[in-house]
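Dear colleague,

I am passing on the structure below, together with some notes on what was found in it. Please read the notes beside the coordinates.

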Amino acid sequence: MSGIRPTGYLHLGNYFGAMKNYVKLQEEYTCFFMVADLHALTTHPDTRELKENVHRVIAENIACGINPDKAALYCQSHVRETSELYLYLNMLAYLGELEKTTTFKDKARLQPDNINAGLLTYPVLQTADIILHRASWVPVGKDQEQHLEMARNFVKRFNHRYGEVFPEPMAYNFGEQLVKVPSLDGLGKMSKSENQMATIYLADDDELIRKKVMKAKTDAGPTEPNTPKPDYIENIFQLMNLVSKAETIQAFEKSYLDCTIRYGDMKKQLAEDMVEFVAPIRMKAASIQQDKTYLKKTMDIGAEKARDSATKTMQLVRAAMGLDY
Ligand code: AMP
């Protein structure tokens, strides 16, 4: 089970941190992937563009390889059981631990005029999403590690108090480690809303991708063999690792070590490899997004599958809690 908020355009961080794993998991497991529109309300209370954003994220998920016939692809608010479970879990979450959450502190700093209770209990809602399907594996990027740890704590508390209902959910990546896709400015990670010129979006056109990559920070290059790479250069190699061929990466690694590397050439190559990766997804997503009948039907079918699973879980939850009178 996993989800993505409809708060902006999806980017390479979402793809390599989350969606790439969704696509693999759907082949082997019963999967639930959703667009987290309720989570979006914690930071984006204006709902005028929400519907279009939900449609775009659904379209982008399908364009990236989610097969709605295999996985349940749905919208969070279409499954009302989520809100009931969120309410029960809130009674098991403590103010102290919620206030200490890194994402809460970051967001509170970014929106000091809107530090709402939903923002504080964001990890509780996320736990409700996951355990509503009694999910064990949660494909997410590295930034979600702490939330998953909190989810396991809430689950342990629930199971301890009311009896074993839920498995403890674990963050999942097919590689050995969770992924963090760095931004092109060397300052942080790719993101839906921050550093937009340093993030490659799945909707970016070819020229914009080239422009963003060519702006990435570099320097005059190493002057002595085997110099350790500065962070911003390491990031460019990391990005190349995601989209370029092994022999291309090896050639640039070698030229870095013997100090013949030309960062201009490296960025040109990276830009072309990113264009080749993003263009087919962009075109497919754009055509799906226009087909409103297909999108509605897909979301309806996904919600039905999710509600079916949620109803079963909530019967167990109410019985375990003694709320079945
Ligand atoms: P969000 O964009 O916060 O809704 O996150 C959706 C999913 O994408 C989550 O699983 C995140 O961990 C993942 N994600 C977002 N940004 C990145 C990034 N720069 N690198 C890796 N994963 C990311």
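With four residues, α1 gives the most to the shell around the ligand, helices being DSSP runs of H or I with at least four residues and strands runs of E with at least two, numbered from the N terminus. Both β1 (2-4) and α1 (12-28) supply at least two residues of that shell.

This is a predicted model, in which local features need pLDDT of at least 70 and side-chain atom pairs count only at pLDDT 80 or more, while totals for chains, interfaces and linings use all residues. Residues are numbered from 1 along each chain as its sequence is written, and side-chain values use heavy atoms, with hydrogens and water left out.

The ligand is surrounded by 18 residues (a heavy atom within 4 Å), and the closest are Gly-141, Asp-143, Val-181, Met-190 and Lys-192. Of the 480 Å² of accessible area that the ligand has on its own, the protein covers 94% (Shrake-Rupley method, 1.4 Å probe).

As for the chain as a whole, it has 14 helices and five strands. Its radius of gyration, taken over C-alpha atoms, is 21 Å, close to the 20 Å that the globule rule (2.2 Å times the number of residues to the power 0.38) gives for 325 residues, so the chain is as compact as a globular protein of that length.

Best regards
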